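Subject: Structure for you to look at

Hello,

Here is the structure I promised to send. Please open it and keep it in view while you read my notes below.

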Amino acid sequence: MTTGSQELLSGWGNTAPSTAFVRTPRSADEVVELLSSAKGPLIARGLGRSYGDAAQCAGGTVISNRSLWHLSAIDPSSGLVTCGAGVSIDELLAVALPAGFFVPVTPGTRQVTVGGAIAADIHGKNHHVEGSFMSHVTSMTIATPVGSVTVSAETDPPLFWATAGGMGLTGIVTEATIRLLPVETGYVSVDTERFENLDSIMEAMYTGDADYRYSVAWVDCMTSGARMGRGVLTRGDHAPLEALNAKQRATPLAAPSGAKLSVPFTAPPGLLNKLSISAFNELWFRKAPAKRDGEIQSVGTFFHPLDGVSHWNRMHGPKGFLQYQFAVPDAHGDVVTRAIEVLSSAKVPSFLAVLKRFGPGDPGPLSFPIEGWTLALDVPLGPPQLPKVLDQLDQMVAEAGGRLYLAKDSRVSAELLRAMYPSLDSLNEVRRLIDPNRVLASDLSRRLELD
Amino acid sequence: MQNAFGQPQSVLVLGGTSDIALAVTRRLVNDRTTTVVLAGRDEAALARSAEELRAHGAKVVETVVFDAADLASAAPTIDAAFAAAGGSIDLVLVAVGLLGDQDKLDDDAAGTASLFSVNLTWPAAALAALRPRLLAQGTGHVAVFSSVAGVRVRRANFTYGSTKAGLDAFTQGYAESVRPFGILVQIVRPGFVRTKMTEGMAEAPFTTDVDTAADTIVKGLSTKAPVIWSPSILQAVFMAMVHLPGAVWRRLPG
C-alpha cells in the first residue's frame with residue numbers, strides 16, 4: 001500500500017474543494033485494515049466523476065479504489081465477469097467488446113469505476129427497459145468497518161440494496177460480478193428525430209420508447225415561446241452484423257477509442273455565457289437531421305459523446321459548474337416543462353439538457369431512478385440568482401414526489417433530501433450494523449446530515 | 001460543509017454583536033446555515049442576538065464571551081467556539097472592532113494602544129489560532145472585516161483607519177498561506193454604513209444601510225473574490241482615491 005498524501009480534491013464540477021489524506025490500497029485485505037484502524041472519517045473515490053462532493057472527505061481519509069484492479073475471464077455462456085471495483089467501464093468495455101459482450105448499463109462517460117457505478121447505482125439510456133447498474137450485479141464484496149462480506153440481492157437484501165446508490169456510506173466495494181450483454185457488433189443502429197418543442201418530444205418518448213433499448217433526448221433550455229424545449233431524440237439498439245458496411249464488418253467488435261482532444265487548461269471566466277451557449281445550441285439543433293432512421297454509429301459516438309474531449313469540465317472556467325438532475329413520476333411530467341420554463345425565464349444559461357424515461361426503480365433506499373421522467377442539465381456557476389432558482393426547483397421536484405440524483409448534487413438542503421428519499425431510515429439501519437462507530441462519511445453525507 | 005455556492009452549514013462570528021455581521025448571518029440562516037456561534041464582549045447583547053437568530057430558524061446558536069483587550073484570550077476563544085460548534089466551522093466572520101473617538105485619541109497613548117489591540121492585534125492572534133484548525137478540518141472560509149478607511153487613511157479617523165490597514169495587510173498574506181489547501185479568505189471593505197458604531201456621525205458619500213451592505217457581502221461570499229467592497233462602486237472610487245494628491249484628498253467631504 002502506498003503511504004498516501006494530503007490532496008486537495010473536488011468533484012467533476014470543480015466546486016467546494018477540500019483536503020484529505022489519500023490512500024491507495026492494493027487488496028481487499030488492505031481496505032479492511034484501513035477501515036478497522038480508521039480514526040477519522042473515511043470514504044472511497046474512483047475516477048472523481050461525481051459532480052459534487054460525494055467522493056471527498058475534508059480532514060479525513062479518501063480511499064482510491066483504482067488499485068483494486070483485476071478482471072476474470074468472461075463466461076461465454078452466462079456473460080458473467082468478476083472484476084475489481086477499481087476497473088473502469090472503459091477498461092471493462094475494452095475487454096468485453098472484442099469477446100462479444102457489452103456493459104449492460106453505461107452512463108454518459110466510460111470514465112467511471114465499477115465501485116462508483118454501484119455507489120451511485122448509475123443508469124444509462126436503457127433504464128426504461130433494463131433498469132439501473134445494480135439490476136445486473138449478481139454479487140459483490142464489500143469491505144465494512146466490521147469486516148468483509150460477499151452479498152447478493154438474495155443472501156443479504158438490506159446490505160445489497162443499501163449499497164446500491166448508497167454513495168459509499170455502507171462500505172467500500174472491492175469486487176463485483178456483473179452479467180454482461182451479448183452483442184454481435186460494437187455499433188449501434190440509431191433513429192434520430194428533431195422536434196420543435198418539448199411537448200412533442202415527450203409525447204414521442206411516452207408512446208414510442210418501449211420499442212427501443214436505448215433512448216435519450218437532448219433539449220434546448222434557452223428557447224422560449226412556441227419553440228420552448230425544442231430538441232433532438234435519438235433512439236437505437238445494438239446493430240446486428242448484417243447492418244454494417246464492409247469496412248465496419250472487418251472489425252465489428254473493436255473497442256471504443258480514447259479521447260482525441262483535450263482542454264489543456266481552465267478556460268477564462270465568462271467564456272461560456274448566455275450568448276455563446278445560445279449560439280452553440282442553435283448550431284447543434286440545425287446540424288441534426290429532421291428525421292433519419294437506421295444510422296450506424298460507434299459506441300463512443302452514441303453513448304459517450306463527451307469522452308472525445310478529456311477535461312471538458314475545464315470549459316466552464318474557474319468558478320466551476322454544477323449539474324442539476326431530477327426524476328419525477330409520470331403523473332408529474334409537467335415538472336419537466338415547468339423546470340425548463342423557470343430556468344429559461346430566470347435567464348440562467350444552460351447547455352443542452354438531457355431528457356430520459358425511467359422504468360421502475362430498484363429497492364435501494366438511496367437509489368435515484370423512479371418510474372417516470374428524468375432531466376439533467378449543466379449550469380455554469382456565476383449567475384447570482386442561481387442558488388434561489390435551484391432551491392425553487394427542488395421544492396417543485398419534492399412536491400411532485402420526485403428526487404435529485406446524489407451523484408450530481410452539490411447544493412440541495414438536508415431537509416428536502418429527506419422528503420425526496422422517504423426510505424432513508426432503512427439505509428441508516430444498515431449503517432448502524434456495519435459501521436457502529438460511524439467511520440464512513442463524506443463531505444456529501446455531512447452536508448446532507450446523513451450521519 | 002459548504003455547498004457548491006459556498007453556502008455554509010456552520011458560522012462563527014467573532015464580534016457577535018456587530019450589526020453588519022448579524023445581518024449577514026441572518027441571510028446565511030435563510031440559506032443553509034443551521035449552527036451559529038456568536039462570540040463577543042457583551043454577554044447580554046450576545047444572548048439577545050442569539051435569541052433573534054433562533055427565532056429566525058437557526059437550529060443551534062451558542063455564545064462565547066471574550067474581551068479583545070485581553071490579548072491572551074484569542075486562542076481560548078477559538079477553542080471554545082469550535083467546541084460549541086461541535087468540532088468544525090465552515091465560515092468564520094471576523095468583525096471585531098471599535099471606531100474610537102479620533103479627537104480624544106490624537107494625544108492618548110493608552111487609548112491608541114488599546115484600539116490597536118482590539119482592532120488589529122487580537123483579530124490577528126485569533127486568525128493565527130484559527131489556522132491549524134482550518135488545515136485540520138480540510139475545508140473552510142474566512143471573511144475579515146476591514147474598511148475603506150484603511151485603504152487611504154484620513155485625518156478624521158486615522159487611528160481606526162490604520163488598525164484596519166494593518167489587519168487588511170495581515171489578511172492578504174494569511175489568505176495566501178491557506179490558499180493551497182482550498183481555504184478561501186476574503187477581505188470585506190465596507191464604506192460608511194449606518195450602524196450603532198456610526199450613530200450620530202456625518203455620513204460619507206456612498207453611505208448605505210445595514211441591509212444593503214449585508215446583501216452585497218453575502219453575494220460576495222458566494223464568489224471567490226479576494227476583496228468584497230460594499231457598496232461595490234467603492235472599488236472603482238478608491239482606485240482613484242489612492243492616487244489623489246494630498247492637497248485634494250484633505251479637502252474631500254466625509
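First, a term you will need: two residues are in contact if their C-beta atoms, placed from the backbone, lie within 7 Å. Also keep in mind that this is a predicted model.

Start with the sheet in chain B. It is open and has 7 strands, in the order 3-2-1-4-5-6-9. The pairing is parallel. Strand 3 (60-65) and strand 9 (227-230) of chain B are the edge strands, and each pairs on one side only. From one strand to the next, the twist averages 15 degrees. As background, strands of a sheet pair through backbone hydrogen bonds, either parallel or antiparallel.

Now look at strand 9 of chain B. Find B:I187: opposite it, in strand 9 of chain B, stands B:V227. Helix 7 (residues 210-221) of chain B lies across strand 5 (141-145), strand 6 and strand 9 of chain B. Helix 7 runs at about 160 degrees to strand 9 of chain B.

Next, helix 1 (residues 19-31) of chain B. It has 13 residues, so at 1.5 Å a residue it should span 18 Å. Its end C-alpha atoms are 19 Å apart, which agrees. The buried residues of helix 1 of chain B include B:I20, B:L22, B:R26 and B:V29.

Last, the two chains. In chain B, 16 residues are in contact with 22 residues of chain A. On the chain B side there are 5 nonpolar, 8 polar and 3 charged residues.

Best wishes

Notes: Residues are numbered from 1 along each chain as its sequence is written. Chains are lettered from A and ligands numbered from 1 in the order in which they are written. This is a predicted model: local features need pLDDT of at least 70, side-chain atom pairs count only at pLDDT 80 or more; totals for chains, interfaces and linings use all residues. Helices (H or I, at least four residues) and strands (E, at least two) are DSSP runs, numbered from the N terminus. The expected span of a helix is 1.5 Å times one less than its number of residues. A residue is buried if 20 or more other C-beta atoms lie within 10 Å of its own, exposed if 12 or fewer, and partly exposed in between; C-beta atoms are placed from the backbone. Two strands pair if DSSP finds at least two bridges between them. Axes are lines fitted to C-alpha atoms, for helices over the stretch in contact, and angles run from 0 to 180 degrees between N-to-C directions. Ala, Val, Leu, Ile, Met, Phe, Trp, Tyr, Cys and Pro count as nonpolar, Asp, Glu, Lys and Arg as charged, and the others, Gly among them, as polar.
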